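I opened this model to look up a few residues and the way its elements pack. My notes follow in the order I made them.

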Amino acid sequence: MSIDARIRELDRRHRSLETELRDALAHPSSEDIAIRDIKRRKLRIKEEIEALRSRARPAA
């Protein structure tokens, strides 16, 4: 898988987690641990996207 394709896939997963997080926050019965887990997964994906983008940029 190319770096661009991986970034697109991670971006899609990040958006999906954002939707999942919004849904969890909208329901007061959602557990804090589940919300924390979603946020943690989003952050990992964001960090991986940023790392891939920095590798994909040409050296100046």
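I started with isoleucine 7, which lies in helix H1; helices here are DSSP runs of H or I with at least four residues, numbered from the N terminus. The model is predicted, so I kept in mind that local features need pLDDT of at least 70 and side-chain atom pairs pLDDT 80 or more, while totals for chains, interfaces and linings use all residues. Residues are numbered from 1 along each chain as its sequence is written, and side-chain values use heavy atoms, without hydrogens and water.

I looked up the accessibility of isoleucine 7: at 9% relative accessibility it counts as buried (buried is under 20% relative accessible area, exposed over 50%, partly exposed in between, with a 1.4 Å probe and protein chains only). I then listed its contacts (heavy atoms within 4.5 Å). Leaving aside neighbours within four places in sequence, isoleucine 7 is in contact with Ile49, Leu52 and Arg53. I also took the C-alpha separation of isoleucine 7 and isoleucine 45, which is 9.4 Å for 38 residues along the chain.

Next I went to leucine 52, found in helix H2. Leucine 52 is buried, with a relative accessible area of 9%. Apart from residues up to four places away in sequence, leucine 52 touches Ile3, Arg6, Ile7 and Leu10. I found its C-alpha atom 8.4 Å from that of aspartate 4, 48 residues away along the chain.

I checked leucine 10 in the same way. With residues up to four places away not counted, leucine 10 touches Ile45, Glu48, Ile49 and Leu52.

Which residues make up the largest nonpolar core? I noted 10 residues in all: Ile7, Leu10, Leu17, Leu21, Ala24, Ile35, Ile38, Ile45, Ile49 and Leu52. H1 and H2 each supply at least two residues of this core. A nonpolar core is a set of buried Ala, Val, Leu, Ile, Met, Phe, Trp, Tyr and Cys residues joined through side-chain atoms within 4.5 Å.

I turned to the helix pair. H1 (residues 3-26) and H2 (residues 32-56) pack at about 160°, with their axes 9 Å apart. H1 and H2 are therefore roughly antiparallel to each other (the term applies to angles over 145 degrees).

Last, I looked up histidine 27, placed in the loop between H1 and H2. Histidine 27 counts as partly exposed, at 46% relative accessibility. From histidine 27 to methionine 1 I noted 37 Å, C-alpha to C-alpha, for 26 residues in sequence.

Methods
Axes are lines fitted to C-alpha atoms, for helices over the stretch in contact, and angles run from 0 to 180 degrees between N-to-C directions. Angles under 35 degrees count as roughly parallel, over 145 as roughly antiparallel, 65 to 115 as roughly perpendicular and the rest as oblique.
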